[in-house]
Amino acid sequence: MVKYFPSTKTIFFLIEEVCGAGPEGTGKKMEPLPSELFVEILSFLPGTDVFKSCLVCTKWNHIIRNSIVLWQSLISRDFVAMEKGDGDDSWMDTYKNCAR
């Protein structure tokens with residue numbers, strides 16, 4: 001089954017409309033949106049857009065980089081089921097390595 005990927009612009013618009021969240025410098029705060037919901041929304045984006053989302057603001061970067069659930073979801077959707085590699089690689093790094 002093919003998963004529908006809304007555009008990154010659409011996702012950011014929905015986040016802002018639903019909870020008043022937005023990137024730093026817009027005068028809006030991220031706090032109204034629970035991190036778990038934010039991660040669930042991001043899981044519908046292509047991996048390349050998730051990487052770009054790290055650049056939106058410091059808070060998004062932190063949530064995205066540290067979300068094991070998000071990267072496990074993206075790996076299982078985009079690649080075969082796998083375990084995280086040995087060593088100190090994060091799930092985000094594991095995704096990057098699979099995408100090469």
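A salt bridge here is a side-chain nitrogen of Lys or Arg within 4 Å of a carboxyl oxygen of Asp or Glu, and the structure holds two of them. This is a predicted model, so local features need pLDDT of at least 70, side-chain atom pairs count only at pLDDT 80 or more, and totals for chains, interfaces and linings use all residues. Residues are numbered from 1 along each chain as its sequence is written, and side-chain values use heavy atoms, with hydrogens and water left out.

Figure 1. Helices (H or I, at least four residues) and strands (E, at least two) are DSSP runs, numbered from the N terminus. Of the 100 residues, 32% are buried; buried means under 20% relative accessible area, exposed over 50%, and partly exposed in between (1.4 Å probe, protein chains only). The accessible surface comes to about 6400 Å², with 58% of that belonging to carbon and sulfur atoms. Those areas come from the Shrake-Rupley method with a 1.4 Å probe, and for residues only the protein chains shown count as cover. Now for contacts (heavy atoms within 4.5 Å): among those between residues at least 6 apart in sequence, 50% join residues at least 24 apart.

Figure 2. Side chains of opposite charge can pair when their charged atoms come close. Here Lys 52 pairs with Asp 49, and the closest N and O atoms are 3.9 Å apart. Both residues sit in α3 (residues 47-53), three residues apart, which is about one turn of the helix.

**Figure 3. The salt bridge of Arg 77 and Asp 78.** The side chains of these two residues meet at 2.7 Å, N to O. Arg 77 counts as partly exposed, with 21% relative accessibility. Asp 78 is partly exposed too, with a relative accessible area of 30%.

**Figure 4. Where α2 crosses α4.** Two packed helices are described by the angle between their axes and the distance between the axes. For α2 and α4 (residues 58-65), the axes come within 11 Å and cross at roughly 75°. Axes are lines fitted to C-alpha atoms, for helices over the stretch in contact, and angles run from 0 to 180 degrees between N-to-C directions. The two helices are therefore roughly perpendicular to each other; angles under 35 degrees count as roughly parallel, over 145 as roughly antiparallel, 65 to 115 as roughly perpendicular and the rest as oblique. Which residues do the meeting? From α2 come Ser 35, Phe 38, Val 39 and Leu 42, and from α4 come Trp 60, Ile 63 and Ile 64.

**Figure 5. Two serines in loops.** Ser 43 has its place in the loop between α2 (35-42) and α3, and it counts as buried at 5% relative accessibility. Its side chain reaches the backbone oxygen of Glu 40 at 2.6 Å. That is a polar contact: a pair of N or O atoms within 3.5 Å, where within protein one must be able to donate a hydrogen and the other to accept it, and residues adjacent in sequence count only if both atoms are side-chain atoms. Ser 67 is in the loop between α4 and α5 and is buried as well, at 8%. A polar atom of the Ser 67 side chain lies 3.0 Å from the backbone nitrogen of Leu 70.

**Figure 6. Residue pairs across the sequence.** Ser 73, in helix α5 (residues 68-78), is partly exposed at 26%. Its C-alpha is separated by 9.9 Å from that of Val 39, 34 residues apart along the chain. Asp 93, in helix α6 (residues 91-99), is partly exposed at 28%. Asp 93 and Arg 65 are 28 residues apart in sequence but 9.3 Å apart in space, C-alpha to C-alpha.
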